[in-house]
Amino acid sequence: MKQIDKKIAIIGLGNMGTAILNGLVKSGEIDNQLITGSRANPEKAEADSAKYGFAILTDNKETTKGADVVILAVKPYLIKDVVDEIKPTLTAETIVISVATGYSLTDAAEQLGDSAKFARVMPNIPAQVGEGISGVVYNENLSASDKELIMQILHTFGSAEQLTENQLDAFTGIAGSSPAIIFMIIEAMADAGVAKGLTRPQALAFAKQAVKGSAQLAIESDLHPGALKDAVCTPGGTTIEEVRTAESINLRGTIIETIIAGIEKSESL
């Protein structure tokens with residue numbers, strides 16, 4: 001992989017901004033001195049500067065000054081104010097990437113101008129361990145090399161897929177928000193184990209590995225998930241009894257409606 005030779009500024013070093021920062025640092029694909037970031041808390045900014053060995057600031061405008069790529073990892077309710085704040089530091093060639101839900105290509109064009117280079121990205125929290133999946137939507141001003149650079153950045157903390165903007169809400173429900181549901185499932189599996197005599201650490205370890213292993217099998221297998229499920233179900237055995245019970249309480253439908261609720265919330269933002 002070729003080295004990234006662009007200056008990258010990350011605004012907002014919360015969970016997602018820090019995951020992106022860590023991905024870039026760990027990738028070895030960029031000189032760390034080309035990276036900078038900002039966060040509101042001065043003590044945390046100072047601690048991060050010491051940790052990473054490059055400047056983490058509290059001034060957003062100072063952070064974005066001279067940057068080739070600006071990643072906006074702030075909360076949705078803050079993004080328009082942040083864009084207004086940093087706009088004077090941006091040039092016609094600055095690539096702006098937003099990870100804020102609901103900030104559309106139209107919103108960006110209205111604030112940054114019709115000629116701005118802009119991408120919407122929806123990552124997810126497994127980016128913190130380099131296993132994220134990001135959906136990315138490009139505006140028409142990004143060149144092929146711009147898109148290649150964006151993809152290289154996204155691949156430092158997981159995988160990425162180009163989408164159309166009208167697909168991004170569905171992606172948000174399926175991949176962006178669903179880790180919270182998966183964490184709830186892991187917790188519930190562990191609760192069942194504790195109820196039947198396992199210690200909490202044992203039950204959590206078993207549940208986590210079962211989910212991790214099942215996901216990896218689904219990724220590597222050519223079989224449909226339904227076929228993988230069928231392959232585990234011995235006639236008259238424990239697994240088919242779990243499947244029967246799950247179907248009787250409409251687990252499948254509950255999950256579908258849960259994900260659709262997230263999609264519809266994203267559509268409303």
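**A close look at the annotated site**

Guide: Happy to! Let's start with Leu13, which sits in the loop between β1 (8-11) and α1 (15-27). Please keep in mind that this is a predicted model. Leu13 has a relative accessibility of 4%, so it counts as buried, the cut-off being under 20%. Setting aside neighbours within four places in sequence, Leu13 makes contact with Thr18, Leu21, Gly37, Ser38, Arg39, Asp48 and Ile56.

Now to the annotation itself. An unreviewed UniProt entry marks a "binding site" that covers Ile11, Gly12, Leu13, Gly14, Asn15, Met16, Ala73, Val74, Lys75 and Pro76. These residues are spread over 66 residues of sequence, yet they cluster in space, with a largest C-alpha distance of 14.2 Å. From this set, the lining of the second largest pocket takes in Ile11, Gly12, Leu13, Gly14, Asn15, Met16, Ala73, Val74, Lys75 and Pro76.

Pro76 is another member of the annotated set worth a look. Its place is the loop between β4 (69-72) and α4 (79-86). With a relative accessible area of 44%, Pro76 is partly exposed, whereas Leu13 is buried. Leaving out residues up to four places away in sequence, Pro76 touches Ala100 and Thr101.

Note on methods. Residues are numbered from 1 along each chain as its sequence is written. This is a predicted model: local features need pLDDT of at least 70, side-chain atom pairs count only at pLDDT 80 or more; totals for chains, interfaces and linings use all residues. Side-chain values use heavy atoms; hydrogens and water are left out. UniProt positions are given in the numbering used here, feature names are shortened, and annotations may be inferred rather than shown by experiment. On a 1 Å grid over the protein atoms alone, a cavity is a set of points where a 1.4 Å probe fits but cannot get out, and a pocket is an open set with protein on both sides within 12 Å along at least five of seven lines; lining residues have an atom within 4 Å of a point. Helices (H or I, at least four residues) and strands (E, at least two) are DSSP runs, numbered from the N terminus. Buried means under 20% relative accessible area, exposed over 50%, partly exposed in between (1.4 Å probe, protein chains only). Contact means heavy atoms within 4.5 Å.
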